[in-house]
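Let us take a walk through this structure together. Have the sequence and the 3D view at hand as you read.

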Amino acid sequence: MSSTPSSAPSSSASPSASTAAPFPAARPRGPRPDWLTDPKVWRTEVLAGLVVALALIPEAISFSIIAGVDPAIGLFASFTMAVTISVVGGRRAMISAATGAVALVIAPLNREHGLGHLVAAVMLAGVFQVLLGALGVARLMRFVPRSVMVGFVNSLAVLIFLAQVPEMHDVPWAVYPLIAAGLALMVFFPKVTGVIPAPLVSIVVLTVVTVAAGIAVPTVGDRGALPSSLPVPGLPDVPFTLDTLRTIAPYALAMALVGLMESLMTAKLVDDITDTHSSKTRESIGQGIANIVTGFFGGMGGCAMIGQTMINVKVSGARTRLSTFLAGAFLMVLCIVFGPLVSGIPMAALVAVMVMVSFATFDWHSVAPGTLKRMPAGEIAVMVITVGCVVATHNLAIGVVVGSVTAMAVFARRVADVVDVTAVTAPDDSTVVYRIDGALFFASSNDLVGRFRYATDPDRVVIDLSAAHIWDASSVAALDTVEAKYAQRGKTVEITGLNDPSALLHGRLSGELTAGH
């Protein structure tokens, strides 16, 4: 067989073939997005984006008020965050926009130094998030246990519901039947058809009823004026000095950490709901890029929004980046083109949507009597502590950190109690072998020293660690103490059965942890 392929051009190839040869063959294209090939998916994504955009408007205005800025600043932030993250984010269909957590962090900076410093802090927070993402901070998500995740989800549901309570207090009586009607529509309409998202139907129907009947109830327009033009790019109006950096850096770092934690937790939740995997590193970097872009357009920054994400993913059934992009695009279209119409949407319609979201988000199985009866007490305590901290502080990051630390403490105590020490004495009473089973670390090794019979043991002592593992310096120090106590009585100690990592750590630290070194 010839080594030259039959398709290779010969020396007498035609001019046209020679001309075409230098151009590389076209690379095969990847699969096209589902929304380009499936009209049903396209319809779902478009309608989901519209519902989310409607729900974003009052939220963005509320968060602007919390941050102490004009409502347009929050709306611009929601627009740029959603559009940017739809391209650079790692979790498809997740919604990022202006959030309450970010507003609470940067509000003091805006109050003390003004909008220019706030925008500069948003851009610096984005830089921090890009750096943290590149350094692999997303890998820390593996240390968040399931009990904390359940507490995170349940606390989110509670916060979403509590955020609607002010909208039901000291309002006209007509608000209550409107909310009830909205909830009824969202419960029963999907039984008729799933073509149109029930939240969108609820919003449209309640708006038409209130406008046609002239019912006087609070509307979206009562929350603040909607912008009439697109945001203009530009740099923040601050002096680019070291003093400015020292002023904004603490707020920027706090915003970066809070935003990343909420976004990564929300991404993990969407992974579970959709049974798909997402790149947490890409999401971390994407959040940073989105905040830099948002700051460049004068926005207040943001992160993933659990409530709107649940509307998009769980209620409306969206699964692609198109819904996220359209949520931001529709937001600006609704504000600029249909501002007067959107301003007339009754707040009761949006409250009904968010109440339904809170009930759909809550993990009711986690609090069922049968589940609580089977769950270990420590796991229940971690879940309750997480929920309590989040609800008390209205800060998801604090709840997750406190819950994770509590879970680690519960785990350490549980593991410390499973270390077993058994002693077997040779028939001639010349040697005693202590077999240690379990993980040796700071919590379990503290009691190790008291498990030996120093005065009555034979002159030769063997400590068998073949069923144990040495994890830290505390364990090495404890073994050194045991050896020293036997040495004081003229007895020898031999440590056997060390696996390679334990032997390496013990060899490096043994004898080097006392005050004399």
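The structure holds 8 salt bridges, a salt bridge being a side-chain nitrogen of Lys or Arg within 4 Å of a carboxyl oxygen of Asp or Glu. Before we visit some of them, please note that this is a predicted model, in which local features need pLDDT of at least 70 and side-chain atom pairs count only at pLDDT 80 or more, while totals for chains, interfaces and linings use all residues. Residues are numbered from 1 along each chain as its sequence is written, and side-chain values use heavy atoms, with hydrogens and water left out.

Start with Arg246 and Asp243, whose side chains meet in a salt bridge at 2.3 Å, N to O. Both belong to helix H10 (residues 242–274), where being 3 residues apart separates them by about one helical turn. Helices here are DSSP runs of H or I with at least four residues, strands are runs of E with at least two, and both are numbered from the N terminus.

Next, look for Glu379 and Arg414, a salt bridge with its closest N and O atoms 3.9 Å apart. Glu379 sits in helix H17 (residues 377–393) and Arg414 in helix H18 (residues 396–416), so this pair ties together parts that are 35 residues apart in sequence. Glu379 is partly exposed, with a relative accessible area of 24%, and Arg414 is partly exposed at 40%. Here buried means under 20% relative accessible area, exposed means over 50%, and partly exposed lies in between (1.4 Å probe, protein chains only).

A further salt bridge joins Arg435 to Asp464, with 3.4 Å between the closest N and O atoms. This pair links distant parts of the chain, as Arg435 is in strand S4 (residues 431–440) and Asp464 is in strand S5 (residues 460–470), 29 residues apart. Arg435 counts as partly exposed at 34% relative accessibility, whereas Asp464 counts as buried at 16%.

Now turn to helix H3 (residues 39–67). Its 29 residues reach 41 Å from the first C-alpha to the last, close to the 42 Å expected, which is 1.5 Å times one less than the number of residues. H3 bends by about 30° at Leu56, and Pro58 follows within four residues; the bend is the angle between axes fitted to the seven residues ending there and the seven starting there. Just after H3, Gly68 takes a positive phi of about 80°.
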